[in-house]
Amino acid sequence: MSAMGAAVGAVAGLVGITPSAGYVTVGESIFIGFITAIVCNIAVYWKSKTSLDDALDVFPVHGVGGILGTILTGVFVDGLLEGKVDIFFNHVIAVAIVVVYTFIVSYALYWITNKIIKMRISPSNERIGLDRSQHNEIYGLDNEIAE
């Protein structure tokens, strides 16, 4: 447990409850936030074991949290708990459509941008650090060494 973990959990819970915030009871909202926080915390842990470049854990918190919140909306808001399976599946289909659309459009925009200007810096610049290599800024101990 850490302060960072608590912050991630709080943000994830808020992201998860956003789709159904005006339609669920207080108890249901706490349940959705709690489950979303746990799942997002697991996603952050799994992401840290990969080589994916997501320094701020945007997808594990906002992406996974939003997906789970949308699906849980289909459970609690006139959905699965009331026996309306079609409402639940509409939410699942909506998530699938958004995921596919977002992937295709983002990939196309990143591809176009990368053709105009390279989005990845060189390994030597990455070793030096972006502050120094890209912005010519020197901070902390490096500043004392430079003087």
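Author: One definition comes before the rest: a residue is exposed if its relative accessible area is over 50%, buried if that area is under 20%, and partly exposed in between. The model is a predicted one. A search of the whole structure finds two salt bridges.

Take the pair E126 and R120, whose side chains meet in a salt bridge at 3.5 Å, N to O. R120 has a relative accessible area of 54% and is therefore exposed. E126 has a relative accessibility of 44%, so this residue counts as partly exposed.

The other pair is D57 and K47, with a salt bridge between their side chains at 3.0 Å, N to O. These two residues are ten apart and link distant parts of the chain: K47 belongs to helix 2, while D57 sits in the loop between helix 2 and helix 3. Here both partners, D57 and K47, are buried. For D57 the relative accessible area is 16%, so the residue falls under the 20% limit.

The backbone at D57 also deserves a remark. Most residues other than glycine have a negative phi. D57 is not a glycine, yet its phi is positive, at about 55 degrees. D78, also not a glycine, has a positive phi of about 45 degrees. D78 is in the loop between helix 3 and helix 4. Its relative accessibility is 42%, so D78 counts as partly exposed, whereas D57 is buried.

The core has nine residues in all, including L68, L72 and F88. V24 is another member of this core. Leaving aside neighbours within four places in sequence, V24 is in contact with I17, S29, I32, F76 and V77.

Helix 2 (26–48), helix 3 and helix 4 (85–116) also each supply at least two residues of the lining of the largest pocket. Helix 4 gives the most, ten residues. The pocket holds about 1,000 Å³ of space. Of its 26 lining residues, D53, D54, F59, S106 and Y110 lie nearest the centre. The lining divides into 15 nonpolar, seven polar and four charged residues.

To return to the request, the salt bridges are the buried pair D57 and K47 and the pair E126 and R120, in which R120 is exposed.

Key:
Residues numbered from 1 in each chain as written. Predicted model: local features only at pLDDT ≥ 70, side-chain atom pairs only at ≥ 80, totals over all residues. Heavy atoms only, no water. Core = buried A, V, L, I, M, F, W, Y, C linked by side-chain atoms within 4.5 Å. Buried < 20%, exposed > 50% of the residue type's maximum accessible area, 1.4 Å probe, protein only. Contact = heavy atoms within 4.5 Å. 1 Å grid on protein atoms, 1.4 Å probe; cavity = no way out; pocket = protein on both sides within 12 Å on 5 of 7 lines; lining within 4 Å. Points joined across faces, edges and corners; volume = space filled by probe spheres on them. Helix = DSSP H or I, 4+ residues; strand = E, 2+ residues; numbered from the N terminus. Nonpolar A, V, L, I, M, F, W, Y, C, P; charged D, E, K, R; others polar. Salt bridge = Lys/Arg side-chain N within 4 Å of Asp/Glu carboxyl O.
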